[in-house]
Amino acid sequence: MAECAFFRAAQSGMRVVMDLTVSDLTIARGGVPVLAGLSFVLEPGHALILRGPNGIGKTTLLRTIAGLQPPVSGQITGAQDRIAYAAHADGIKPTLSVVENLRFWARVFGAGGIQPALEAFDLTTLSERAAGSLSAGQKRRLGLARLLVTGRPIWVLDEPTVSLDTRAVAMFADAVRAHLAWGGSALIATHIDLGLEAGVLDVTPFKASLAPAAGANAFDEAFL
Amino acid sequence: MIALLLRDLRLAVRAGGGFGLGLAFFLIVTVLVPFAVGPQSALLSSIAPGVLWLGALLACLLSLDRLLALDWEDGSLDLLATAPLPLEAAVTIKALAHWITTGLPLVLVAPVLGVLLNLPGPGYLWLVVSLAAGTPALSVIGTFGAALTVGLKRGGLLLSLLVLPLYVPTLIFGAEVARRGALGMETLTPLLMLAGISAGALALLPFASAAVLRVNLR
């Protein structure tokens with residue numbers, strides 16, 4: 001495969017601690033397996049773009065890697081406390097100002113100042129506005145600026161460019177490039193071309209057969 | 001942790017935060033009771049401790065459905081779950097923020113409303129003491145209920161049905177402290193029971209809330 005840099009065999013045993021390694025992962029949504037046998041390695045300084053049709057399980061995969069739901073089987077290593085996750089909802093409080101929203105996340109993650117994040121996404125002039133009065137694209141920029149204040153090395157992003165205009169997409173691509181140059185890595189599910197020098201992982205071949213999860217698991221799932 | 005507490009307090013006092021809603025509800029309930037019962041001051045003063053406790057309990061219930069549901073809707077809960085802060089700490093802080101914005105004001109206005117119900121003189125101190133000891137349990141138990149119903153649309157009613165039975169021990173001992181205090185009787189035993197319930201709920205329920213929340217976030 002062309003993107004073989006990202007597909008190192010899971011059994012290679014040469015795991016660098018900083019890599020995000022996913023091996024033989026099976027994930028389920030609502031008790032139904034969606035992706036099975038998925039393996040990849042994401043190294044520091046690299047980005048990996050996830051592709052696949054709607055409903056294939058990209059969001060479920062990203063939530064599993066972020067630790068929001070357990071995998072059915074398989075292993076994820078190197079993700080513990082190193083993930084900055086951003087999904088469709090930005091976690092923005094409408095009654096707080098842009099600065100207050102961003103400062104809150106900066107303090108929760110105990111990372112540095114918010115000024116670079118404001119500048120990277122051109123939010124400086126909006127900083128005192130209530131987040132509720134921002135447009136959809138501006139809110140999204142605020143949600144992405146949050147990634148910069150987390151100080152986390154692995155960005156796990158689910159459709160980050162929704163409602164962004166071309167200028168904001170370029171801003172975002174620049175932010176990702178800066179993050180990669182700093183030694184971070186990014187796992188991005190997107191349908192558009194970001195112009196990044198990134199590997200592409202099409203998850204379509206890993207689609208699980210539509211059998212329900214192994215009996216005991218499915219039974220537990222109903223009660224958990 | 002302080003950041004989360006400050007954010008929740010700030011959100012509560014901003015527009016639409018619901019601060020004061022519980023207080024206004026408490027006030028209205030206590031004002032309505034004399035209208036319903038009639039102008040019999042002896043009857044009023046004997047039911048005052050129970051009515052005040054019931055009013056405070058229902059007022060506490062009012063703001064529970066927004067405790068976690070708002071964070072769930074805008075995605076903050078997902079982000080908090082991936083943050084360095086343990087979810088147990090996050091739910092404890094959110095319960096504390098709920099107590100500061102709902103429980104504490106109720107404790108402070110209860111003596112004023114006691115006047116409306118002709119609460120006997122010695123009862124004021126014990127009313128405040130019992131509410132101060134009991135309302136933390138109401139917030140912590142309520143947070144557990146909110147965690148249980150977090151993913152549900154219109155979960156507010158279900159939340160009330162789940163939480164109200166769990167409030168029964170707190171209500172029994174809390175109202176008993178206030179009643180005995182108002183009659184000038186010994187209050188130590190129910191007060192210790194009440195404080196025990198609060199301490200136990202505070203020690204155990206955050207773990208249950210966090211576990212339930214993890215399941216609901218899947």
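Two residues are in contact if their C-beta atoms, placed from the backbone, lie within 7 Å. The model is predicted: local features need pLDDT of at least 70, side-chain atom pairs count only at pLDDT 80 or more, and totals for chains, interfaces and linings use all residues. Residues are numbered from 1 along each chain as its sequence is written, and chains are lettered from A in the order in which they are written.

**Exercise 1.** Describe the side of chain A that touches chain B.

Step 1. Count residues: chain A gives 21 and chain B gives 22.
Step 2. Find the elements (DSSP runs numbered from the N terminus: helices H or I, at least four residues; strands E, at least two). In chain A, β5 (83-86) and α2 (98-109) each supply at least two residues. The most comes from α2(A), with 4 residues.

**Exercise 2.** State which residues touch the most other members of the largest nonpolar core.

Step 1. Define the core: buried Ala, Val, Leu, Ile, Met, Phe, Trp, Tyr and Cys residues joined through C-beta atoms within 7 Å. Buried means 20 or more other C-beta atoms within 10 Å of the residue's own, C-beta atoms being placed from the backbone.
Step 2. The core has 128 residues; Leu102(A), Val156(A), Leu187(A), Leu52(B) and Ala56(B) touch the most other members.
Step 3. Take Leu102(A). Beyond neighbours within four places in sequence, its contacts include Ile114(A), Leu118(A) and Val149(A).

**Exercise 3.** Characterise the fold of chain B.

Step 1. Chain B has 9 helices and 0 strands.
Step 2. Its C-alpha trace spans about 55 × 35 × 30 Å along the principal axes.
Step 3. Of its 218 residues, 49% count as buried.

Conventions: Buried ≥ 20, exposed ≤ 12 C-beta atoms within 10 Å, placed from the backbone.
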